[in-house]
Amino acid sequence: MMATRISKKIAAPLALLALIFAGCGDNGSADEPYSPANLSASFEYRWGDSPAGPDGAPLWLDGKGPWKRCLLPAGPKDRHGRNSLWMRVTLPAGGWESPALLTSGIHQVCEVYLGKRPFYRFGSFDANGKGIFPGYKWFHLIRLPRDFGGRTLYFRFYSEFQSIGLSSAVIDSNADHLRHIVRQDILKFSLGIVFMILGFLVLLYYGARVRRWRGDMIEGSAIFLYFILASFSIGAAVIADTRIKELIVDEPQAWLYVRLIGMYVFVSAITGFIYHVFETRFRIVSKVFVVVFFSFSVLSIALSLAGAVPVMSTILPFNILVLVGVFLLFLIIVSTFRKGNRESYLFVFGIMIFLVTGVRDALVDLGVLPRYEFVNHWGMLVMVFSIGMIVVYRIVDFNRRYYGYSHEMRLARRIQMSVLPGERPEVPGMEVAAAYHPMVSIGGDFYSYRHFRERKLGVFISDISGHGVPSALISLMVKVIFDYESGNGEDPAALLAGMNDRLLEKMESNFLTACYAVIDLDRGRASIASAGHPPTWILKRSAGSLREIKPRGRLIGCFKDIASATKEVPIESGDKIIMITDGILEARNIAGEMFGSREFAEFIKLMGYLPAGDFSNALMERLKKWIRPEKRFEDDLTMVVVDIL
């Protein structure tokens, strides 16, 4: 029974692997109308570089000398470290319209002669016959004259790399060649576009959500960034590995960098993905490889762009790093199998298909397997699909957590708003207004009132350090303790000292600033005490002056004795008393400038004539304009405004 279940699990992967090695990428049947003249068995070669004759033309163009027969794509076998090569082929007659020779690759610098002068050149030769590497083109389309039949085509090559010469050569009409190129590569090119679209869609999702995610969710969202990076990089690499891209932009050197950067970044991104997805005791190893791969990618490309290192020489050390890294990272992933990690099954399946297609293509390239179309890009698709499924699982989990968190925040906000005063206190001779704007759904600011008798009101405002849920929970304690200290309600300094005694052992790493004012219209006095809180502002309309009142007092929750003192301030009809938290003064604009006391004082002088409610609304609008286009405050904002009528 168990054997049956195992066989069913491995049947699909084995069938897929068999299809890959059978040459599933062969598109021969799709190209039946394309039947060019194949010259691969007609080439001859000789090593070295031809001397120039009196007229400057290479002497080897006369056809004399020790020419040897060779077959493509194998090419000459007796190189022995030589970098210069000549090849020639006699062109068959034919009735093609707009004839052209198509090669599948030229390695690396080339001049093509049909007569005494070159009529096609890729790259350039210096005075010593040394070629300057121009990049790599996946194909060359060399237009031929109509009378080419029976004439000999000569190729002069220079290459310091492993490959030299060309891989194939066929003749057909120019239009048929172009149709063949598009037919052969359209699926692969489209696949590269699909990879980039996938990355773009996840980028849109990430951009739409990241501002709304809370801290631990943002930390866990790194896999989205690595998937986006992997999708864009592999998409660019796959596109750069097609011939269609040269029909769009004919820049071989640029496309070579696109392909190499794409592959380097893809491997780095996959390593980062592994680090953030798979929790194992070997996690430090994957972190090291993340740093190593990214560092190598940046350094090698930077050095090659600066001309210090040939770009092609970066490939071998990168491949060595990949071989070591794949082995160790594969062991890390396999170690998660024992924990029943569903994501590890998906990832291992994807990476195995990717590696198998890569090995299969390498064996085809070496001639060990029959020459079919390369299929490693389909292995890439399977791997990107597997890590995409992991991302989908994470999106579902993130959405579940986010909506659960949002529901909890809405409930917490309702609870917090319920402890704030629901209505303005009705005090003869006073008009009172308040505004509360938390940075997130809930915050650590708090305000409350205590109405003693007909013309006497106590106003309390506080600001807990930090933001969000912890600060909101402390604000609930502040509410309870403020109510508990009602016996000291007419003595501001005593009330703040009593609150400190009760909160001192409960604040942990948080602290509290607070201000309490008792406004007594019968005495014409405001008694104000502060515990490290911003000043209370009093606008004297009759005198046209603005005062900042800040009695001495230390933070609540940090010291046994906050040393608070009550300050008596005379008040009269027309005065405006403004109590705020520091979020108002510290609101920053896009230049990083704080709203500050001076800007706040100017606003009070300009808009102080407004009634308390209109004044608080106008101040909030002014602050929103100040921070734009940020559109988000960095702290909770609270104010209480009292007009003395």
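Visitor: Let's start with Y449. Where is Y449 found?
Guide: Y449 sits in strand β16, residues 445-453. Strands here are DSSP runs of E with at least two residues, helices are runs of H or I with at least four, and both are numbered from the N terminus.

Visitor: Before we go on, what kind of model is this?
Guide: This is a predicted model: local features need pLDDT of at least 70, side-chain atom pairs count only at pLDDT 80 or more, and totals for chains, interfaces and linings use all residues. Residues are numbered from 1 along each chain as its sequence is written, and side-chain values use heavy atoms, with hydrogens and water left out.

Visitor: Back to Y449. Buried or exposed?
Guide: Buried, because its relative accessible area is 16%. Buried means under 20% relative accessible area, exposed means over 50%, and partly exposed is in between (1.4 Å probe, protein chains only).

Visitor: What is Y449 in contact with?
Guide: Leaving aside neighbours within four places in sequence, the contacts of Y449 include P421, E423, L457, F482 and V640. Contact means heavy atoms within 4.5 Å.

Visitor: And how far apart are Y449 and R424?
Guide: They are 25 residues apart in sequence, and 9.0 Å apart in space, C-alpha to C-alpha.

Visitor: New topic. How many residues has the largest nonpolar core?
Guide: It has 47 residues. M430, F460, V478, L496, I519 and V642 have the most contacts inside it. Strand β18 (residues 512-520) gives the largest share of this core, seven residues. A nonpolar core is a set of buried Ala, Val, Leu, Ile, Met, Phe, Trp, Tyr and Cys residues joined through side-chain atoms within 4.5 Å.

Visitor: What does M430 contact?
Guide: Setting aside neighbours within four places in sequence, M430 is in contact with several residues, among them R455, I519, V642 and L645. Another core, of 35 residues, lies apart from the largest one. Its members include A222, Y226, F266 and F347.

Visitor: Now helices. What about α4?
Guide: Helix α4 covers residues 222-240, 19 residues in total. From first C-alpha to last, α4 reaches 27 Å, close to the 27 Å expected at 1.5 Å a residue. The expected span is 1.5 Å times one less than the number of residues.

Visitor: How many residues of α4 are buried?
Guide: 16 of the 19, so α4 is largely enclosed by the rest of the structure.

Visitor: How do β7 and β12 pair?
Guide: They pair in the antiparallel sense over five bridges. The bridge partner of E111 in β12 is R156.

Visitor: And the sheet of four strands?
Guide: That open sheet has the order β1-β14-β5-β11, and its pairing is antiparallel. Four bridges join β5 to β11. L101 has I142 as its bridge partner in β11.

Visitor: Last one: T103. Where does T103 lie?
Guide: T103 lies in strand β5, residues 99-103. T103 counts as buried because its relative accessibility is 1%. Not counting residues up to four places away in sequence, T103 touches W138, F139, H140, L166 and S168.

How values were computed
Pairing = 2+ DSSP bridges.
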